[in-house]
Amino acid sequence: MGNAAVIHVEELTKAYGELVALDGISFDVWDGELFGLLGPNGAGKTTTIRILTGLSRPTSGKALVLGHNVRTEIVRARKHVGVVPEQSNVYDELTVLENLLFMGRLYGVPRRERRRRAEELVETFRLSERKESSAQALSRGMKRALTIACALMHKPRLLFLDEPTVGLDVAATRSLRALIQELHYRGITMFFTTHYLEEADLLCDRAAILVRGRIVAIGSPAELKSMVQEKPVIVVRFEKPVPNVEVSLHLHLPWSHIGALNSQEVRIMGGDPVQVLETLFSFARQTGVRIVAVNTMQPTLEEAFLKITGLSPMVMAQERGK
Amino acid sequence: MIGRDDLRGICSIVGKDMRTYYLKPPAVSWGIVFPITWILAFYLRNPRDFRELLPGLIAMTALFSTTAAEAVVINFELRLGSLERLLLASIRVSTVFLAKVLGGALFGLLMSAVVTVGTCLAVANPLDVAKLFLILIFSLAAFASLGALLCVLVKEVFEAQTLLNLPRFVMIFLSGVVYPVSALPTPLRVLSRFFPLTYSVEGIRLAFSSPQANIVWLDLLALVGFTALFLLVGARRFAARFD
């Protein structure tokens, strides 16, 4: 990743009358980075994207996209920016290829290059067999892929994706995530919003957590998780049930908290991980039971998110079912 | 000032709107079948007076065809979010609005040209082609910008269609399409001066018959004024919709 800020946001505020949608947020997105903006519904994620793409004007504060002020020079920045909105907005009446060619014309892609580029994107997004079909006939996942392809027609340096996988089935979601990763490897800077935390964990280099218009935490997924990790957790699985495993292990590991998940599986929290592992192997030798799996557990990004935001797991479940 | 990017944007949007919406049966039928039905009805009723009605019928065709699909082109795209896609390109918001207006005007030109050429050939009317062309072009611009302005005032397609019908039908009766403005009571005659269709009918009538060449410029001026006003207010309202 480069050290130039592709997006620079400083004390950005957006108010709709009394309602403050963004409350003085500040962050930078670096060249080549895949940056996620996480937050529950209504946190201000889409408002942030709308301001950064010039669809909405900030009430106060400063935002630069590719060095251009969003208040005064956004049209210049847009030449190098692609946007994938939450709702796919391709033209249903046009075919896959026509949609791409139209976007190419709109962004001034030279005629000769336009066709080649459209064919290339159709290939990349696995739409070759449907390139002459009208967009209306595409599945939701394919339409989403076409929306992203359209946003890439003019080879943008920066791509905004607003909730890219919302409403897609498991297969389409996996395929789209793989495509996003591929684009990231190609060096495109990406700014995306999501409330799927496993998605953010998988894709993001860094993420900011936005709650009620304010950024409450920012960092890599690992950094965000480490903010809430208190003690190391190890889960060990034995090949067969061990009688009184919880009590027996506690004698060997008095400083750790032992919890039996079932008769073969134990969760050990706290203590020096190296010492815990050595003790576990020696316990297995003494009791004559083989260890079949040892996992060190970290808090998930979702756990980190819940702790940082103070939201209840029930709210998160509702978010996922949106 | 309109730059190269804006011009390219306008051409792309107009071309796409033509293919996607205008040159489709619903727009063509509303834009041409409706005026042709009126023309035939008037012709069959009284073929001798038909020449008198011709300017009004051409102006009416221009009005109906320009506004035939603007509600779809603007409000339908607003609802789908595809209008936002255009706003994300490297062109200004006012350019997108202008492109929508020009699409309507171009479709109106095609439809009015068919009706004008057809009826003129049929009744062999003498006319000043240059004057007619000028009046028609400025009428199309005024009607298309009025239609676009009304569309951006509301959300849904049906609301826009309803709102468009009001001035369309009021203008047909008060702008001299079927009934001469000079024969209207004074208050209605004054009111008719606030409608672009009045100047359009007047200008086309002059292009068909009158040697008073200068008067057509007053009609042109009025139509330019209406176009500028509708474009300015429309572009502002359009931009405001996205904030």
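What follows is a short chat about a predicted model with a chain A and a chain B.

User: Let's start with chain A. How many helices and strands are there?
Analyst: The secondary structure of chain A comes to 12 helices and 14 strands. Keep in mind that the model is predicted.

User: What size of box do the C-alpha atoms fill?
Analyst: Along the principal axes, the C-alpha atoms of chain A fill a box of roughly 75 × 50 × 35 Å.

User: And what share of the residues is buried?
Analyst: In chain A, 40% of the 322 residues count as buried.

User: What about contacts between residues 24 or more positions apart? What share do they make up?
Analyst: They account for 68% of the contacts in chain A with a separation of 6 or more.

User: Now the open sheet. Which order do the strands take?
Analyst: The order is 2-1-4-5, with 4 strands in the open sheet of chain A. The pairing is antiparallel.

User: Which strands stand at the edges?
Analyst: Strand 2 (19-30) and strand 5 (68-69) of chain A do. Each has a single partner strand, so one side of each is left without a neighbour in the sheet.

User: How many bridges join strand 1 to strand 2?
Analyst: There are 9 bridges between these antiparallel strands of chain A. One pair is A:A5 with A:W30 in strand 2.

User: What do strand 1 and strand 2 form?
Analyst: They form a hairpin in chain A, with 2 residues between them. A:G17 sits in the turn and has a positive phi of about 65°.

User: How many bridges join strand 1 to strand 4?
Analyst: Here 5 bridges join strand 1 (residues 5-16) of chain A to strand 4, and the two run antiparallel. A:V9 stands opposite A:A63 in strand 4. A:I7 has A:V65 in strand 4 as its bridge partner.

User: Which helix packs on the sheet?
Analyst: Helix 1 (residues 45-52) of chain A packs there, touching strand 1, strand 2 and strand 4. The direction of helix 1 makes about 115° with that of strand 1.

User: Can we zoom in on A:G61? Where does A:G61 lie?
Analyst: A:G61 lies in strand 4 (residues 60-65) of chain A.

User: Why is A:G61 partly exposed?
Analyst: Because 18 other C-beta atoms lie within 10 Å of A:G61. Being buried takes 20 or more, and being exposed means 12 or fewer.

User: What does A:G61 touch?
Analyst: Leaving out residues up to four places away in sequence, A:G61 touches A:E10, A:E11, A:L12, A:T13 and A:G24.

User: Switching topic. How many residues of chain A are in contact with chain B?
Analyst: 19 residues of chain A are in contact with 19 residues of chain B. Helix 3 of chain A gives the most to that side of chain A, with 3 residues. By class, the side has 9 nonpolar, 5 polar and 5 charged residues.

Terms used
Residues numbered from 1 in each chain as written. Chains lettered and ligands numbered in written order. Predicted model: local features only at pLDDT ≥ 70, side-chain atom pairs only at ≥ 80, totals over all residues. Contact = placed C-beta atoms within 7 Å. Pairing = 2+ DSSP bridges. Axes fitted to C-alpha atoms, helices over the stretch in contact; angles between N-to-C directions. Nonpolar A, V, L, I, M, F, W, Y, C, P; charged D, E, K, R; others polar.
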